[in-house]
Amino acid sequence: MAENGEFSFKSNTSSGRNGLPKIVTQKNDVCHDDSGPTVKAKTIDELHSLQKKKSAPTTPIKGGAPPSPLSEEQRQKQQLQSISASLASLTRETGPKLVRGDPARKAEGQTVSHVAHPHIFAPAISVSDSSLKFTHILYNLSPAELYEQSIKNEKGSFITSTGALATLSGAKTGRSPRDKRVVRDSTVEDELWWGKGSPNIEMDEHTFMVNRERAVDYLNSLDKVFVNDQFLNWDPEHRIKVRIVSARAYHSLFMHNMCIRPTPEELEDFGTPDFTIYNAGQFPCNRYTHYMTSSTSIDINLARREMVILGTQYAGEMKKGLFGVMHYLMPKRQILSLHSGCNMGKDGDVALFFGLSGTGKTTLSTDHNRYLIGDDEHCWSENGVSNIEGGCYAKCIDLSKEKEPDIWNSIKFGTVLENVVFDEHTREVDYTDKSVTENTRAAYPIEYIPNAKIPCVGPHPKNVILLACDAFGVLPPVSKLSLAQTMYHFISGYTALVAGTEDGIKEPQATFSACFGAAFIMLHPTKYAAMLAEKMQKHGATGWLVNTGWSGGSYGSGKRMKLAYTRRIIDAIHSGELLKANYNKTEIFGLEIPTEIEGVPSEILEPINAWPDKTAYNDTLLKLGGLFRKNFEVFANYKIGKDNKLTEEILAAGPIF
């Protein structure tokens, strides 16, 4: 026998087939059977059922309080009754029959217990097939479960090389603001901003209910729907309970990432939601319905606390729809809702960053020396600042590990990648490819950012930084603002884009978005500005205007501000260094600019000094001042308070010439 071998060949009298010697297995320590006794399962389905164990139904309650007296079955029954009530149709007094679990699992031998609505047997009008069937509810599934659902059932869903889930949003790869409607009724008639410049396009309640019925009937006709019960706002005193009912696993995972994820304990006591989204985006609205201008309709009813989505599968509609709702609900509690980034220093100093696309808001608010509270949506209450969301929704076009390492490293298991292009074999994503859309996105939980502050709350902000990418090249790299100037520039929400023309000439185009988020605000911009000024004054915050755009000339002749200089300016704001600087006042805009900042060339601090052609500078400055004035006309006639004093102060803080 071979030394240490497992088998030996012995030539003995007994021989095998064709006269060959038999192989005899020698028992030794190298080869042994470690499989143990055979499994008890009689079928492959039973074997599969052994693979998964049930989650613990409850979690310990803080403070040693006694557990809920409800049994697991009673709790699930209550949960399903609440969801059934959410899905109640106008033509029936009650909601649909519901059952928990995936209908496909029944084929695998899994038993599912159902709980029907207690009064299901009394349809108000005629009985349809949908009242004879059960709708399966997939409730608050985990990312792993949602991956399985998406890959099995949704065409265009794949796992990428880093573990993220790549999905497609269909024909719409961005928001449809012209198809968004808000119900104008007695509840909000005198509260919301209507008319010229407003993002709020009105609809009546009857039309909303027609669209709601269409969405609910579509969802009830499906074998299964996804239900997420989650929170908005990390401040526990002011958080909002939201329920999202959707037809796609991709939408459920997206909202799992973007809203705040409840603990099992919080889920047990969730109860009735404060706001509900019915996402029937795969089903179009009826073009013959009043107010409809396309097959897409996104409708908000603030009195009913409901939102209906028809004809678009772009997930961002849910995120921004809820942001709009928070812009209505929070100010009613004297809480300011803000479209901003927010970070905090190690000493507890908080900064807010406002800026439109391309201004550097994400880049500058992401700072490895500071904690990230959030990248996009915040509330400022009497308790301080808090993130509205539980995740980040980052742009992916031209993403690189070198430029955005935190975002790059966050694209892993659990992340949703929207409309990206990848190699069919390696599944590596090509972030430069715009074949589907330029608006490629990644949605991931905020915990994926290494320096995220969990919970996402902080003290009152010390600095309010307004970012503008001024392609005209006439705004200073940094200006200290008075309260009135902060309100003026906050309401203006200025940046400039570079637009190409047919003959190759390029010149800047001024863009204004009230409160740096005009598409999402509900009240008149001056109301948010007044709240911002009040909070800044009360808590001693300073306003700053930072130009991340051009210097020494407009686009084409000047140069883009170096990121290193802008970062140095931001560091000087955080440290308090800039508060001690000497300042000069500019003409036209009346901005206070520091005479020197360590690490930043003094000649670029005063814009005219960096322009070789002083006449061209003055002409361009007057042109930009005129654009600001023209944009502000829509706000100039709006009176704040009884004496209109604040409105006059804001107007006086604008360009004077």
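**Close-up views of a predicted model**

**View 1. The open sheet β15-β19-β20-β26.** Four strands form an open sheet in the order β15-β19-β20-β26, with antiparallel pairing. β15 (336–339) and β26 (457–458) stand at the edges with a single partner strand each, so one side of each has no neighbour in the sheet. Strands (E, at least two residues) and helices (H or I, at least four) are DSSP runs, numbered from the N terminus; two strands pair if DSSP finds at least two bridges between them. The model is predicted: local features need pLDDT of at least 70, side-chain atom pairs count only at pLDDT 80 or more, and totals for chains, interfaces and linings use all residues. Residues are numbered from 1 along each chain as its sequence is written, and side-chain values use heavy atoms, leaving out hydrogens and water.

**View 2. The pairing of β15 with β19.** β15 and strand β19 (residues 377–381) run antiparallel and are joined by four bridges. His 339 stands opposite Glu 377 in β19.

View 3. Strand β27 (residues 461–468) runs parallel to β31, with six bridges, while strand β28 (residues 478–481) runs antiparallel to β31, with four. Leu 545 stands opposite Leu 466 and also opposite Ser 479.

**View 4. Helix α5.** In helix α5 (residues 249–258), 10 of the 10 residues are buried, among them Tyr 250, Phe 254 and Met 258.

Conventions:
Buried < 20%, exposed > 50% of the residue type's maximum accessible area, 1.4 Å probe, protein only.
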